[in-house]
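This report describes the arrangement of sheets and helices in the model shown below.

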Amino acid sequence: MIDNTSFALHVLKDRCTGCGLCADSCAYNAIRFDEYPEIDPSVCRLCGSCVQNCPAEALQIDTPDTPTAPQEKTTGVWVLAETVGNALAPVTKELLGKAAVLAEKLHQDVEAVLVGYGIAALADELAAYGAKRVHLAEKAELAAFVEENQAHAVVEIVKECRPEILLVGATQRGRGLSARMAALLHTGLTADCTELDIDTASGLLLQIRPAFGGNLIATIKTPHCRPQMASVRPGIMKAPERRTSLKAEIIRHELPGFESDKRIRLITETADATGGGTLGNSRIVIGIGRGVKSKETVDRIRQWATRIGAAVAGSRAAVEAGLIDARLQVGQTGQAIAPELYIAIGISGQIQHTAGIAGAKTIIAINPDRTAPIFHVADYGWAVQAEEALSELGI
Ligand SMILES: Cc1cc2nc3c(=O)[nH]c(=O)nc-3n(C[C@H](O)[C@H](O)[C@H](O)COP(=O)(O)OP(=O)(O)OC[C@H]3O[C@@H](n4cnc5c(N)ncnc54)[C@H](O)[C@@H]3O)c2cc1C
Ligand code: SF4
Ligand code: SF4
């Protein structure tokens, strides 16, 4: 017998007829039968399918009561500003563009939160991309990116100002930071959204993202907690035009409750030699696939990349074949990029790869197999072996 008394899904035995439809509707095999259905909490994903399929309404999922239930007034569509050197990360501008669309539907304002040290000048940049209000916190302890410190600083501001929505870039930094903040705020987070919208009936944020390996698109809502949090990868949304005539109200936060995490000391910082950190900013990217086969051909491609000012990336199969570093993987489980030009060499074009290049303006495919799916998304194709193409190009 499974002990699931404290689990959120319950069987109301006085209603259950023992028909077994719930077990049939469970894709995870989480329900087994004794006299009544028994749900295994270690397997159940709380997907709700059994609840919907029970004709006797004998299954119930508890709705959590959280300390941040939205009875308290929340307002504003916020974007967490990320910096790269002394500039805003491209994803921050892209999120500001989407935030403007969401804010208009909610009749609320776009606001940005900017924490760090010596970064005040970027408040004007945030305004130029559409932020009406910039929440700025500067402290020497925030000069270096330490996830724990950044999270505590942003959370203190969020708790004070109570935004309705908080959007974060699903970058290398943003991924960990957003999860940490969501945990500290006791709210939900949908990572890697590919689209965001507002449900006109409820005013809730619709957090849309591929699920189950891209086989279905899930729309996730956060009805009980605030802020509604979502992260979006770089290159998915369109950045608005920069308009220096736009101005923002700047609200400085002193962070009286902030304490840096004493367990962490930054000793040194080293630039990522693979180029993985800057891939998202490159105008031209050459993607290397398993069809490239040898390190010698990879070296030739790198020479070509240097000549044309391109960054080099790769497919997961190329990573697994040891042709390219994992930090340069593009696709569903790698980075999403939106260069002006993407040149795919020896890449078949499976959906998990093309999911990462959906924002590329022009795609050229080099692959001897004319039936490869990459040619369905490519603007130009060259059906030759990689080695032959490079020789033709004089590399
Ligand atoms: C959950 C999940 C997540 C995934 N995430 C990702 C991801 O983030 N990114 C990703 O890329 N993949 C991902 N994959 C893997 C993906 O499904 C594919 O297996 C992968 O993209 C294939 O890589 P490829 O095109 O390099 O290799 P292949 O599919 O093996 O294609 C190689 C191509 O090279 C061509 N070729 C052969 N010889 C030559 C030559 N001499 N010159 C030029 N071309 C040649 C062939 O015709 C072929 O089309 C994921 C898979 C799963 C299940
Ligand atoms: S579907 Fe409902 S009534 Fe039928 S066995 Fe399951 S819980 Fe009981
Ligand atoms: S909620 Fe979903 S996973 Fe859990 S028992 Fe029901 S159908 Fe199965």
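Which strands does helix H6 (residues 172-185) lie across, and at about what angle does it run to E10? In this predicted model, H6 lies across E5, E10, E11 and E15, and its angle to E10 is about 155 degrees.

## The seven-stranded sheet

Seven strands form an open sheet with parallel pairing, in the order E11-E15-E10-E5-E8-E9-E16. Its edges are strand E11 (189-193) and strand E16 (249-252), each of which pairs on one side only. On average, neighbouring strands of this sheet are turned by 25 degrees against each other, direction ignored.

Within the sheet, strand E5 (residues 77-80) and strand E8 (residues 110-116) run parallel and are joined by four bridges. Trp 78 has Glu 111 of E8 as its bridge partner. Helix H3 (residues 90-106) also packs on this sheet, where it touches E5, E8, strand E10 (165-169) and strand E15 (228-232). The direction of H3 makes about 175 degrees with that of E5.

## The five-stranded sheet

A further open sheet consists of five strands, ordered E18-E17-E19-E20-E21 and paired in parallel. Strand E18 (311-314) and strand E21 (380-382) are the edge strands, each pairing on one side only. From one strand to the next, the twist averages 20 degrees.

Five bridges pair strand E17 (residues 284-288) with strand E19 (residues 341-345) in the parallel sense. Ile 286 stands opposite Ile 343 in E19. Helix H7 (residues 295-308) packs on the sheet and touches E17, E18 and E19; the direction of H7 makes about 175 degrees with that of E17.

Technical notes:
Residues numbered from 1 in each chain as written. Chains lettered and ligands numbered in written order. Predicted model: local features only at pLDDT ≥ 70, side-chain atom pairs only at ≥ 80, totals over all residues. Heavy atoms only, no water. Pairing = 2+ DSSP bridges. Helix = DSSP H or I, 4+ residues; strand = E, 2+ residues; numbered from the N terminus. Axes fitted to C-alpha atoms, helices over the stretch in contact; angles between N-to-C directions. Contact = heavy atoms within 4.5 Å.
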